[in-house]
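Hi,

Here is the structure I promised to pass on.

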Amino acid sequence: MTRNLETARIISLPPDAFYIADFISEDEEKWLLQKVNPYPSAPIPRWTQLSHRRLQTWPSALTKTNTLLDSPLPPWLISPIIEPRFAALGIFDNAPHGAPNHVLVNEYRPGQGIMPHEDGTAYYPLVATVSLGAPIVLDLYAKKHRDQAAMEGSDDSDQVPDSGAKPQFRILQERRSLLITRGLLYTEFLHGIAESRTDEDLGPYSICNWPLLRERDSFHDGWYRRETRTSLTYRDVAKVAKMGGTLKFMGGK
Ligand SMILES: O=C(O)CCC(=O)C(=O)O
């Protein structure tokens with residue numbers, strides 16, 4: 001772990017979370033948004049429309065056994081984010097492949113979000129998220145453990161918070177920022193984004209990365225209207241299958 005990353009630690013959170021407000025420049029943000037949404041249209045339609053957001057999966061979706069078919073990420077997802085910036089900070093140094101090999105691109109329009117969930121064991125327990133276009137609040141909920149779920153009379157596999165449950169922590173992700181979550185925060189917490197047209201109740205007591213924000217002044221009213229926000233979520237998939245092996249498996253030569 002480099003000293004640089006330590007200065008970005010969100011100290012009020014369980015280990016570990018780091019927030020860097022100015023991770024990419026405005027020009028890089030614009031360029032990345034053009035890569036995500038090429039004009040007039042992408043050569044290959046990359047978006048999958050889900051019920052509450054759009055998703056791109058690079059280089060491809062995982063197989064049913066949570067395996068990634070070995071293939072490089074496109075250059076625009078590598079430079080300048082993985083190389084040189086993640087590498088300089090040593091973010092993925094302890095991950096199985098030493099660098100991310102998988103990126104999910106999520107797009108949320110106002111009113112859209114993602115249900116509280118965990119990312120699971122397919123990935124090394126670290127997600128590095130670059131935010132583009134607009135701010136959004138990520139909510140964190142401690143997972144319910146068996147004894148607690150039993151006391152409350154619910155199925156012990158039911159870890160989804162009751163609707164209306166308050167998040168335990170809230171992280172405000174500004175445009176052009178980097179958020180890293182790993183370790184206990186990855187394994188013991190669910191994360192989600194409310195399906196809302198505004199993010200409200202913003203302030204030093206409710207937003208755990210408040211001291212690390214770039215534009216605290218712009219949130220001084222305590223709320224903002226959502227605009228379209230895109231995230232690039234970088235991960236390392238543990239199981240990778242070489243293409244040759246896969247073709248043989250499928251009966252090829
Ligand atoms: O867009 C985000 O910041 C969160 C995305 C997310 O939770 C996921 O892709 O699993």
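Predicted model: local features only at pLDDT ≥ 70, side-chain atom pairs only at ≥ 80, totals over all residues.

**What I found**

Residues are numbered from 1 along each chain as its sequence is written, and side-chain values use heavy atoms, with hydrogens and water left out.

Back to R170. At 15% relative accessibility this arginine is buried, where buried means under 20% relative accessible area, exposed over 50%, and partly exposed in between (1.4 Å probe, protein chains only). R170 and S206 are 36 residues apart in sequence, yet their C-alpha atoms are 6.7 Å apart.

**The ligand site**

Which residues come nearest to the ligand? They are Y108, H117, H191, R229 and S231, out of 13 residues around the ligand (a residue is near if one of its heavy atoms lies within 4 Å). By type, that shell divides into 4 nonpolar, 6 polar and 3 charged residues. The classes are these: Ala, Val, Leu, Ile, Met, Phe, Trp, Tyr, Cys and Pro count as nonpolar, Asp, Glu, Lys and Arg as charged, and the others, Gly among them, as polar. Four strands each supply at least two residues of the shell: β5 (102-108), β6 (114-117), β11 (189-193) and β14 (229-235).

N106 has a polar side-chain atom 3.1 Å from an oxygen atom of the ligand. The protein covers 94% of the 290 Å² of accessible area that the ligand has on its own (Shrake-Rupley method, 1.4 Å probe).

The space that the ligand takes is the largest pocket. A pocket here is an open set of points, on a 1 Å grid over the protein atoms alone, with protein on both sides within 12 Å along at least five of seven lines. A molecule sits in one if more than half of its atoms lie within 2 Å of its grid points.

**Around D119**

D119 is worth a look next. It is found in the loop between β6 and β7 (126-132), and at 15% relative accessibility D119 counts as buried. What does its side chain touch? There is a polar contact of 3.2 Å with the side chain of H117, a pair of N or O atoms within 3.5 Å; within protein, one must be able to donate a hydrogen and the other to accept it, and residues adjacent in sequence count only if both atoms are side-chain atoms. The D119 side chain also makes a polar contact with the side chain of H191, at 3.4 Å. R235 joins in with a side-chain polar contact to D119 of 3.2 Å. That arginine is in strand β14 and is buried, with a relative accessible area of 5%.

Most residues other than glycine have a negative phi, and most peptide bonds are trans. Here are the exceptions I would check.

- The peptide bond from P15 to D16 is cis, with omega near 0 degrees; D16 lies in the loop between α1 (3-6) and β1 (17-20).
- E83 and P84 are also joined by a cis peptide bond, with omega about 10 degrees, and P84 lies in helix α4 (residues 81-89).
- N66, not a glycine, has a positive phi of about 55 degrees. N66 sits in the loop between β3 (54-58) and β4 (67-69) and is partly exposed, at 35% relative accessible area.
- R176 is not a glycine either, and its phi is positive at about 75 degrees. The loop between β9 (169-173) and β10 (178-182) holds R176, which is buried at 8% relative accessible area.

**One more loop residue**

T65 is found in the loop between β3 and β4. Its side chain makes a polar contact of 3.0 Å with that of T67. T65 and A122 are 57 residues apart in sequence and 8.7 Å apart in space, C-alpha to C-alpha.

Cheers

Key: 1 Å grid on protein atoms, 1.4 Å probe; cavity = no way out; pocket = protein on both sides within 12 Å on 5 of 7 lines; lining within 4 Å.
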